[in-house]
Amino acid sequence: MNPLEDALLYPWGQNLPAPGRAKAVAPGVSWVRMGLPFALDHINLWLLGDTLDGRAGWTVVDTCIDRAESREQWAQLMETSMQGLPVLRVVATHMHPDHLGLAHWLGERFDAPLWISMSDFLMARLAVNQEDSFGGQATAEFFAQHGMTDPQVLAAVVGRKNHYASLVPRVPGHYRRLQDGQVLSIGGMNWRCISGYGHSPEHIALYCEDSRLERPVLISGDMVLPRISTNISVYENEPDGNPLQLFLDSLGKFLHLPAQTLVLPSHGRPFVGLHERVEQLRHHHQDRLDEVMQACDRQAQSAADVVKVMFKRTLDLHQITFALGESMAHLNLLWHAGRLKRYTDDRGVWRFAPA
Ligand SMILES: [Zn+2]
């Protein structure tokens with residue numbers, strides 16, 4: 001348990017929604033929790049009571065990955081918690097598989113359109129049709145350039161083909177575009193889109209302060225999580241990107257929302273303490289940046305070297321790829337800020353040293 005969690009208030013304590021059932025957390029807003037076969041073993045989805053073109057039904061926010069177990073959980077949910085009413089639209093906070101995986105299935109089943117940002121829609125369409133999305137030869141070469149030498153890891157990355165499509169077999173061909181500041185009327189309540197960067201191309205959180213709510217509600221997606229820090233990675237398709245700076249800048253937007261806002265995150269439990277959590281996340285990354293800077297002060301570092309500085313525990317393959325992306329994100333921020341310079345050593349590996 002993370003001691004920082006003591007600074008947060010969990011209105012439902014340890015009470016989770018029963019499997020296959022939705023749990024009301026605010027008027028018109030219900031919490032669904034579905035299993036994931038990863039180290040991160042669950043995702044939260046949200047059911048919002050809605051009426052569209054005179055039809056009553058649901059706007060669902062996020063969908064889970066596509067696998068038999070998830071479809072089965074949706075079938076249970078329809079039995080137990082959806083009152084025989086249809087899904088009217090599918091909102092995806094972003095393109096990652098646990099959020100978008102079943103959008104095509106729900107969409108086809110209910111003739112429900114997908115609402116998502118344009119950047120995430122396009123990146124999802126690209127990833128689903130690309131054999132080497134989140135793996136493959138190009139990613140392995142990119143990792144090698146950043147100092148990853150373990151042949152087992154590199155072979156596994158080369159072998160990880162069609163990774164995205166294995167979790168998201170199809171992405172709908174049409175979408176409704178979500179943008180920062182746009183207001184969606186859902187069940188007669190106004191939800192404002194808040195864009196966020198650094199985790200996915202253009203993540204959309206949803207914020208509502210309708211007077212019928214006991215307190216304002218933020219569906220934060222992966223941008224603000226209570227227990228773990230959001231994965232912020234540099235990817236092979238944008239090697240010089242600065243996602244950590246984008247993420248830290250985006251976090252600042254949430255400080256403009258009221259402190260008592262109920263936060264509905266994609267992983268972990270609903271909580272109150274948005275401002276505290278944003279400050280914790282900023283400190284977390286500042287501490288990591290300080291560690292990385294100190295390591296570079298001692299000796300020029302590759303991203304693979306920095307993984308050992310930032311992550312003291314043993315990592316499995318999945319975690320190593322995330323960790324390497326995270327260490328690049330911290331190095332690239334310091335490089336873009338002018339505190340580090342980078343050069344390739346005689347083995348063709350990027351190394352970072354004080355500027
Ligand atoms: Zn995500």
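Me: At roughly what angle do the axes of helix α6 and helix α11 cross?
Reply: We're looking at a predicted model here. Take α6 as residues 151-159 and α11 as residues 317-336. Their axes come within 11 Å of each other, and the crossing angle is roughly 90°.

Me: So what does that make α6 relative to α11: roughly parallel or roughly perpendicular?
Reply: Angles of 65 to 115 degrees count as roughly perpendicular. The axes cross at roughly 90°, so α6 sits in that class relative to α11: roughly perpendicular.

Me: How many residues in the contact of α6 with α11 are charged?
Reply: From α6 you've got Val153, Ala156 and Val157, and they meet Leu317, Ile320 and Thr321 in α11. Sorting the residues of that contact gives five nonpolar and one polar, and the charged count is: no charged residues.

Me: Over to the strands. Which residues point the other way from Val217, Ile219 and Gly221 in β11?
Reply: Strand β11 covers residues 217-221, and five of its five residues are buried. In a regular strand, side chains alternate between the two faces of the sheet. Here Val217, Ile219 and Gly221 point one way, leaving the other way to Leu218 and Ser220.

Me: Which residue of β12 stands opposite Ile219?
Reply: On the β10 side, pairing with β11 is antiparallel over three bridges, and Leu206 stands opposite Ile219. β12 (residues 262-265) runs parallel to β11, joined by four bridges. In that pairing, the residue opposite Ile219 is Leu264.

Me: And what's the handedness of the β-α-β crossover from β11 to β12?
Reply: The chain leaves β11, passes through helix α8 (residues 243-254) and reaches β12. That crossover is right-handed.

Conventions. Residues are numbered from 1 along each chain as its sequence is written. This is a predicted model: local features need pLDDT of at least 70, side-chain atom pairs count only at pLDDT 80 or more; totals for chains, interfaces and linings use all residues. Side-chain values use heavy atoms; hydrogens and water are left out. Buried means under 20% relative accessible area, exposed over 50%, partly exposed in between (1.4 Å probe, protein chains only). Helices (H or I, at least four residues) and strands (E, at least two) are DSSP runs, numbered from the N terminus. Two strands pair if DSSP finds at least two bridges between them. A crossover is right-handed if, with the strands pointing away from the viewer, the path from the first strand over the helix to the second runs clockwise. Axes are lines fitted to C-alpha atoms, for helices over the stretch in contact, and angles run from 0 to 180 degrees between N-to-C directions. Angles under 35 degrees count as roughly parallel, over 145 as roughly antiparallel, 65 to 115 as roughly perpendicular and the rest as oblique. Contact means heavy atoms within 4.5 Å. Ala, Val, Leu, Ile, Met, Phe, Trp, Tyr, Cys and Pro count as nonpolar, Asp, Glu, Lys and Arg as charged, and the others, Gly among them, as polar.
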